[in-house]
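Colleague: I would like to go through this model with you. Please put it up first.

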Amino acid sequence: MKWFLFFWAGPIVFLGGWYWLSYYDMNFGIFMLTRQVHDLTFELYGKALGIPPETIPPLVARAIAVDSLVVFALLGFRKRKSIITWWKARQALNSSPDLASKESLSSAP
């Protein structure tokens with residue numbers, strides 16, 4: 001499962017890093033991080049898909065969100081027994097009896 005999460009998060013971090021650095025033109029002398037490459041990339045994808053280039057980043061963000069929900073649902077399903085025991089222990093702590101009994105109260109005047 002660790003490798004699955006690694007291979008899921010790796011491309012997302014790489015894409016997000018490239019998008020953020022190239023959007024703000026923080027290229028550090030690397031041509032792939034320039035704003036020109038950023039605009040050209042989305043222009044090419046826009047022409048290939050037949051949609052305006054400015055609509056691609058929200059679509060990618062939505063796809064990443066859906067993928068993330070699926071991945072975390074799978075992770076939750078695999079860990080459901082430990083999650084249920086954690087939840088029951090947490091609920092047992094919240095529903096503990098009142099600690100202010102006659103024995104615990106002070107008998108000071």
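Colleague: How many residues does helix α2 have, and what span does it reach from its first C-alpha to its last?

Modeller: This is a predicted model, where local features need pLDDT of at least 70, side-chain atom pairs count only at pLDDT 80 or more, and totals for chains, interfaces and linings use all residues. Residues are numbered from 1 along each chain as its sequence is written, and side-chain values use heavy atoms, with hydrogens and water left out. Helices are DSSP runs of H or I with at least four residues, numbered from the N terminus. The expected span is 1.5 Å times one less than the number of residues, and α2, residues 35–49, comes close to the 21 Å expected, with 15 residues and a reach of 21 Å.

Colleague: Is Ser22 buried or exposed, and what is it in contact with beyond its neighbours within four places in sequence?

Modeller: Ser22 lies in helix α1. Its relative accessible area is 0%, so Ser22 is buried. Beyond those neighbours, its contacts are Leu33, Thr34, Arg35 and His38.

Colleague: Where does UniProt place the feature "transmembrane region"?

Modeller: The entry is unreviewed, and such annotations may be inferred rather than shown by experiment. In the model, residues 5–23 are 100% helix, and residues 59–77 are 100% helix. UniProt places the feature at residues 5–23 and 59–77.

Definitions and conventions
Helix = DSSP H or I, 4+ residues; strand = E, 2+ residues; numbered from the N terminus. Buried < 20%, exposed > 50% of the residue type's maximum accessible area, 1.4 Å probe, protein only. Contact = heavy atoms within 4.5 Å.
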